[in-house]
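Please examine the model shown here and work through the questions that accompany it.

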Amino acid sequence: MNIQEHWLDCATHIPSPNCDLRPDANDISLIVLHCISLPPGKFDARFIHQFFCNQLNPADDSYFRTIDQLKVSAHILINRQGVISQYVPFDKRAWHAGHSEYAGRSRCNDFSIGIELQGTETTAYTDRQYQQLALLIKVLLKHYPGLSRSRITGHSDIAPGRKSDPGESFDWRRLFQLLDKQADEVKRLSGKGVDKGA
Ligand SMILES: [Zn+2]
């Protein structure tokens with residue numbers, strides 16, 4: 001998994017028109033996790049692609065009539081099988097957070113990367129999703145120095161009362177355990193006896 005020109009090489013690229021310039025293209029310093037399913041509770045990623053590209057057909061599902069005028073996007077979707085799609089290059093601003101605030105700073109879209117997990121707030125996410133998410137975050141952290149492990153948050157945390165995703169179904173401890181495990185492996189592979197004892 002690599003990033004080239006702000007696109008993930010292993011992802012399916014589905015460019016969304018719902019993006020614009022970041023106020024500071026070099027300020028990429030927060031990862032925001034979300035969940036989405038369309039129609040709600042159904043796991044058909046095709047409708048998510050259509051939603052983020054303003055191509056939902058209201059005739060396909062009555063729920064779509066309530067959202068088909070919205071202009072939104074995220075950088076990334078990880079579907080139930082762990083397949084990754086990218087809609088917006090990381091140096092551009094995707095429209096995922098809405099009215100939001102992180103550590104006293106508002107307008108989180110300006111400086112964040114939005115990652116959608118296909119799912120609901122009450123359905124367990126899949127093993128593949130956790131694995132792919134951890135790998136993706138590892139690659140992002142390496143590529144964008146403004147990001148850090150301590151600056152990974154949920155939509156519910158930056159828009160409390162208004163948003164509740166990724167929900168109770170998301171196991172934050174599991175994500176951080178996977179990130180730890182990967183960090184240990186990187187250390188082991190690159191260190192080769194780095195711990196020579198004192
Ligand atoms: Zn969200």
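The questions and answers below concern a predicted model.

Q: Which protein residues are the donors of the zinc ion?
A: The donor atoms lie 2.0 to 2.1 Å from the zinc ion. Along the chain, the donors follow the spacing H-x120-H-x9-D. Two histidines contribute through ND1 and an aspartate through OD, namely His34, His155 and Asp165.

Q: How many residues apart are histidine 34 and histidine 155?
A: Histidine 34 belongs to strand E5 (residues 30-36), whereas histidine 155 belongs to helix H3 (residues 155-158). The pair thus links distant parts of the chain, with a separation of 121 residues.

Q: Is histidine 34 buried or exposed?
A: A residue counts as buried under 20% relative accessible area. Because its relative accessibility is 1%, histidine 34 counts as buried.

Q: Is histidine 155 buried or exposed?
A: The relative accessible area of histidine 155 is 4%. The cut-off for burial is under 20%, so histidine 155 is buried.

Q: What radius of gyration does the chain have?
A: For 198 residues, a compact globule would have a radius of gyration near 16 Å. The value for the chain agrees with this, at 17 Å.

Q: What share of the contacts with a separation of 6 or more comes from residues 24 or more positions apart?
A: The chain has four helices and 12 strands, and 47% of its 198 residues count as buried. Among contacts with a separation of 6 or more, residues 24 or more positions apart account for 71%.

Conventions: Residues are numbered from 1 along each chain as its sequence is written. This is a predicted model: local features need pLDDT of at least 70, side-chain atom pairs count only at pLDDT 80 or more; totals for chains, interfaces and linings use all residues. Side-chain values use heavy atoms; hydrogens and water are left out. Donors are N, O and S atoms within 2.8 Å of the metal (3.2 Å for Na, K and Ca); water is not among the atoms, so sites may look incomplete. Helices (H or I, at least four residues) and strands (E, at least two) are DSSP runs, numbered from the N terminus. Buried means under 20% relative accessible area, exposed over 50%, partly exposed in between (1.4 Å probe, protein chains only). The radius of gyration is taken over C-alpha atoms; the globule rule is 2.2 Å times the number of residues to the power 0.38. Contact means heavy atoms within 4.5 Å.
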